[in-house]
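Colleague: Hi, could you walk me through this one slowly? I am new to reading structures.

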Amino acid sequence: MTSWISIHERYSLTDVINAAGTYTPLGVSRSSVVVAGSVAQALSEFFVMDELQDIASETIARTTGAEAGAITHCVAAGITLSIAATMAGAAPDNVARLPDTRGMRHRVVLPAGHAVDYGHSILQDVRLCGGLPIIVGTESLCTLDELDRELSHPGTACLLLVSSRLVRGRMPDLDESVAIAHSKGIPVVLDGAAQDMRIEELLDTGADLILVSGHKYLAGPTAGLIVGRKDLVMAARAHEKGIGRAMKATKEAIVGALAAIEERQKLDLTNWRRSQDEKVADFVRHAGSIRGVYATASPDPAGMPFSRAHLRFEPSQCGKSAKTVAEELKAGTPAIWAMEHELPLGTLIFELVPLEYEEVSQIVFRLEEIVGSR
Ligand SMILES: *Cc1c(COP(=O)(O)O)cnc(C)c1O
């Protein structure tokens with residue numbers, strides 16, 4: 001027996017404390033021992049893959065109230081395959097033809113503020129299957145009338161909406177947007193990648209297909225969940241024999257996603273929320289006691305049931321800008337990463353959801369060292 005050595009030691013990799021959220025460049029999330037065990041078990045077995053997908057569909061349906069579900073490689077894959085389903089259905093000759101959409105409806109309408117960039121532009125997910133993105137309104141404003149006009153066009157395949165903290169501007173209400181699309185017989189695809197604790201609410205908007213991540217807060221292996229109308233879910237699956245070949249779910253991803261869904265079912269949400277709130281409050285109290293650091297807890301703007309710690313650095317008092325603090329945090333050992341999208345406002349945002357208390361203490365300790373109150 002060789003002695004146990006961590007992956008980080010074996011390959012001399014950087015130790016990271018991830019306070020940047022479900023961030024793809026850092027490996028997104030941490031799976032529990034049970035979920036990781038299911039993945040490991042699946043890797044050395046053979047399966048009839050369609051059977052695994054059928055079980056996934058039943059499990060997703062039972063736990064969400066939707067008609068059906070499927071697992072894809074990731075949410076980006078789910079977006080592309082869902083749009084393909086609305087354009088081409090499941091007919092084998094259509095499946096074989098994509099991304100050539102000549103003769104098919106292929107306009108994909110979305111409000112401008114929903115054209116999000118989550119590491120790449122969502123518009124590229126649309127174009128990948130031959131869809132033509134039709135952006136409505138401006139990044140600051142899109143009205144229901146504008147949406148109505150674009151959805152009236154006969155070549156429209158679907159309405160694409162996003163539920164995320166990345167959505168910008170004053171965009172039409174999700175329920176009203178879905179209702180307008182449905183009044184014209186147009187299906188709605190809703191990307192709720194980081195909204196896996198709100199699937200029922202997203203289904204309540206009436207959207208036909210919802211996409212959520214299996215590896216963000218659900219903390220499974222890399223996977224995307226398609227949740228919704230059975231005919232469209234089956235059509236999305238049909239495209240795995242076409243453009244979706246490179247987007248397929250692996251056996252370990254399906255089994256791991258199932259384990260993560262089962263674990264979520266057992267989660268005591270009230271307790272979970274309380275412990276997350278306490279962790280954030282504790283961090284805010286400690287970080288906020290450092291001279292020149294102004295700390296507050298702020299709820300997730302997209303409605304997930306937890307808060308993040310917002311730390312504003314006042315350079316005249318603590319001697320460092322938020323940007324410098326961010327750089328020094330990342331340069332330390334372990335490297336500490338926070339959310340940087342409010343750096344221009346002098347604020348670093350810390351998401352603590354997957355972190356242990358000891359890691360949270362390490363962040364406080366490093367902050368004290370960096371802004372020099374020790
Ligand atoms: C993370 C994210 C995605 C992509 O998810 P992957 O599973 O990494 O492909 C898509 N949309 C939004 C809004 C996201 O936040």
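Colleague: Where does the ligand sit?

Modeller: Keeping in mind that this is a predicted model, the ligand sits in the largest pocket.

Colleague: And how much space lies in that largest pocket?

Modeller: The largest pocket holds about 920 Å³ of space. It is lined by 42 residues, and those closest to its centre are T22, T24, Y118, L166 and K216.

Colleague: Which elements give two or more residues to the lining?

Modeller: Those elements are α4, which covers residues 75-88, and β11, which covers residues 335-338.

Colleague: How do the lining residues divide by class?

Modeller: For the largest pocket, the lining divides into 20 nonpolar residues, 13 polar ones and nine charged ones.

Colleague: What lies 2.6 Å from a nitrogen atom of the ligand?

Modeller: That is a polar atom in the side chain of D191. On the oxygen side, an N or O atom in the side chain of H215 is 3.2 Å from an oxygen atom of the ligand, while for A76 a backbone N or O atom lies 2.9 Å from a ligand oxygen atom.

Colleague: How much of the ligand's accessible area does the protein cover?

Modeller: On its own the ligand has 380 Å² of accessible area, and the protein covers 91% of that.

Colleague: Changing topic to the backbone, which peptide bonds here are cis?

Modeller: I can point to the bond from L98 to P99, which is cis with omega near 10°, and to the bond from T333 to P334, which is also cis, with omega near -5°. P99 is found in the loop between α5 (92-97) and β3 (107-111), whereas P334 is in the loop between α14 (322-331) and β11.

Colleague: Why point those out?

Modeller: They are worth a look because most peptide bonds are trans.

Colleague: And what is the phi of S12?

Modeller: Phi of S12 is near 55°, which is a positive value in a residue other than glycine. Most residues other than glycine have a negative phi. As for its place, S12 is in the loop between α1 (7-10) and β1 (16-19).

Methods:
Residues numbered from 1 in each chain as written. Predicted model: local features only at pLDDT ≥ 70, side-chain atom pairs only at ≥ 80, totals over all residues. Heavy atoms only, no water. Polar contact = N/O pair within 3.5 Å; in protein donor to acceptor, adjacent residues only side chain to side chain. Areas by Shrake-Rupley, 256 points an atom, 1.4 Å probe, with all protein chains shown as cover. 1 Å grid on protein atoms, 1.4 Å probe; cavity = no way out; pocket = protein on both sides within 12 Å on 5 of 7 lines; lining within 4 Å. Sits in = over half its atoms within 2 Å of the grid points. Points joined across faces, edges and corners; volume = space filled by probe spheres on them. Helix = DSSP H or I, 4+ residues; strand = E, 2+ residues; numbered from the N terminus. Nonpolar A, V, L, I, M, F, W, Y, C, P; charged D, E, K, R; others polar.
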